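Here is a short briefing on one protein chain.

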Amino acid sequence: MAASCPLPVTPDLPTLRANLQGLLQFLRDALSISNAHTVDFYTESVWEELVDLPPETVLAALRKSASEAEAWPSETRPLVEAEGEAGENQKAVEFMNMKKSHEVQAMSELISSIADYYGIKQVIDLGSGKGYLSSFLSLKYGLKVYGIDSSNTNTHGAEERNRKLKKHWKLCHAQSRLDVNGLALKMAKERKVQNKVKNKADIEEVFNNSPTNQEKMSTSDTLPDFSGPVISNIRNQMETLHSQPHQEENLCFENSFSLINLLPINAVEPTSSQQIPSRETSEANKERRKMTSQSSESNIYSPLTSFITADSELHDIIEDLEDCLMVGLHTCGDLAPNTLRIFTSNSEIKGVCSVGCCYHLLSEEFENQHKERTQEKWGFPMCHYLKEERWCCGRNARMSACLALERVAAGQGLPTESLFYRAVLQDIIKDCYGITKCDRHVGKIYSKCSSFLDYVRRSLKKLGLDESKLPEKSIMNYYEKYKPRMNELEAFNMLKVVLAPCIETLILLDRLCYLKEQEDIAWSALVKLFDPVKSPRCYAVIALKKQQ
């Protein structure tokens with residue numbers, strides 16, 4: 001191990017199981033709300049069946065809770081955050097949008113810290129997608145990264161994107177050299193002029209060395225002072241170039257100065273040690289940049305295509321597999337739990353950092369139990385306790401777990417009108433066409449529609465139904481019928497949003513308990529890694545193995 005330091009104390013397995021028990025007790029009464037589908041809200045009288053209060057009462061209570069929450073001090077910042085983040089004024093990274101930039105910076109910093117802790121150089125990025133995290137880990141931290149994705153298109157795209165990124169990186173190196181040399185040349189020219197001035201002053205002093213002339217005029221009265229602000233300003237620019245404190249974190253590429261600490265140790269070569277102040281750099285940064293320099297000629301990020309399951313043999317995919325970390329940024333569905341299973345079953349993998357997403361795509365062991373099943377390893381549940389309870393969330397509840405409470409609380413409201421349109425459309429389809437279940441989907445056509453009437457016409461056409469049999473008046477009658485009950489739908493969706501963190505917590509605690517059950521795990525925890533408004537799936541499941 002490269003470093004020895006105490007890790008934060010985390011809840012033990014009995015404590016987590018007690019938390020799970022209390023959560024299940026609550027969800028047994030509330031899960032039916034999360035499992036109700038908004039499309040069937042009016043056709044199945046969902047509000048009357050599940051909520052025994054007027055919608056106005058529910059909305060008032062939720063608004064009161066929200067206002068009280070705002071009165072308390074803001075939530076503690078995530079346990080791990082990227083350094084030097086510029087908040088609202090931070091510019092978008094050239095190769096990533098703001099959300100992805102925020103995620104990649106925070107997660108890569110954490111991964112780098114874990115790699116340093118173990119003295120590990122190899123990282124396996126499962127579900128690497130477009131390769132943003134992998135590229136950042138390799139270019140910034142000099143780690144050897146294998147990015148594995150099931151999509152050949154993603155792999156080829158990641159290769160091309162990484163090629164462009166490396167090219168841009170080299171251009172930044174070259175630009176930094178130009179900036180340094182240009183400033184040094186400017187300093188040399190200024191000094192040459194200053195020397196000329198000084199020589200001229202010396203000559204004038206020789207020829208005009210009389211008390212009368214010195215009393216009449218001094219050289220400072222007629223010639224600019226190059227020994228003061230001008231040279232001082234240039235020196236300040238040079239010092240700024242050499243001591244930017246971690247401004248590379250935003251990776252904007254627009255200012256090559258911000259990349260100075262990412263460059264190899266020999267990327268910036270001063271023209272003269274007398275012209276450029278010595279660079280003060282920590283030994284850690286020097287070593288990191290040396291490593292980056294040594295590996296700059298090799299491809300330390302390798303995108304690979306492979307479909308990963310819980311039983312995947314990494315040695316068949318990676319020939320030079322060594323002690324490594326396994327990571328995943330927003331691994332979809334079963335890939336997140338499979339990442340943890342692969343971690344526990346491979347001795348070479350010393351640590352894992354997994355941020356999952358798309359809970360609705362998880363396979364559930366105790367869902368649809370009447371169907372014949374051949375699958376042995378399921379996405380949920382993973383831990384013994386929930387397996388013993390034979391707990392099932394249901395697809396709709398897992399879908400609602402993806403709702404973003406923090407975004408709604410921050411003012412990014414729910415699309416109530418579009419949900420209302422869809423729920424009323426379902427009642428029209430049921431009454432006028434006799435269809436209760438339909439394999440086809442309406443899709444996202446709300447934004448293209450000018451009115452409810454236009455929405456219904458477009459939707460019926462997309463579903464392959466004869467819209468000519470419905471006159472305009474009939475369609476608008478449905479709208480007028482349900483318009484006064486729109487607040488029911490709004491209140492119900494807000495209840496689903498409030499319940500979303502409970503279901504997500506259940507899924508995450510299940511994964512954490514699974515890790516706590518393993519004998520060779522030294523430390524495991526849930527870490528709030530991202531700002532939940534920027535990135536709602538913000539929790540990382542982290543585990544470290546015992547040292548042999």
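Leaving aside neighbours within four places in sequence, Glu367 is in contact with Cys392, Gly394, Arg395 and Arg398. The model is predicted.

**Glu367**
- Glu367 sits in a loop. That loop runs between strand E5 (349-357) and helix H13 (384-388).

**Arg395**
- Arg395 belongs to helix H14, which covers residues 395-400.
- Is Arg395 buried, partly exposed or exposed? Its relative accessibility is 39%, so Arg395 counts as partly exposed.
- Residues up to four places away in sequence aside, Arg395 touches Asn35, His360, Glu364 and Glu367.
- His360 is 35 residues from Arg395 along the chain. Their C-alpha atoms are separated by 5.5 Å.

**Largest pocket**
- The largest pocket holds about 1500 Å³ of space.
- Elements giving two or more residues to its lining are H14, helix H16 (416-433) and helix H19 (486-516).
- Which element gives the largest share of the lining? H16 does, with 6 residues.
- The lining of the largest pocket comprises 36 residues. Nearest the pocket centre lie His37, Thr38, Val39, Met399 and Arg422.
- By residue class, the lining divides into 17 nonpolar, 12 polar and 7 charged.

**Whole chain**
- The protein chain has 548 residues, and 48% of them are buried.
- Its secondary structure consists of 19 helices and 7 strands.
- How much of the contact set joins residues at least 24 apart in sequence? The share is 77%, taken among contacts between residues at least 6 apart.
- The accessible surface of the chain comes to about 28300 Å². Carbon and sulfur atoms account for 50% of that surface.

Conventions: Residues numbered from 1 in each chain as written. Predicted model: local features only at pLDDT ≥ 70, side-chain atom pairs only at ≥ 80, totals over all residues. Heavy atoms only, no water. Helix = DSSP H or I, 4+ residues; strand = E, 2+ residues; numbered from the N terminus. Contact = heavy atoms within 4.5 Å. Buried < 20%, exposed > 50% of the residue type's maximum accessible area, 1.4 Å probe, protein only. 1 Å grid on protein atoms, 1.4 Å probe; cavity = no way out; pocket = protein on both sides within 12 Å on 5 of 7 lines; lining within 4 Å. Points joined across faces, edges and corners; volume = space filled by probe spheres on them. Nonpolar A, V, L, I, M, F, W, Y, C, P; charged D, E, K, R; others polar. Areas by Shrake-Rupley, 256 points an atom, 1.4 Å probe, with all protein chains shown as cover.
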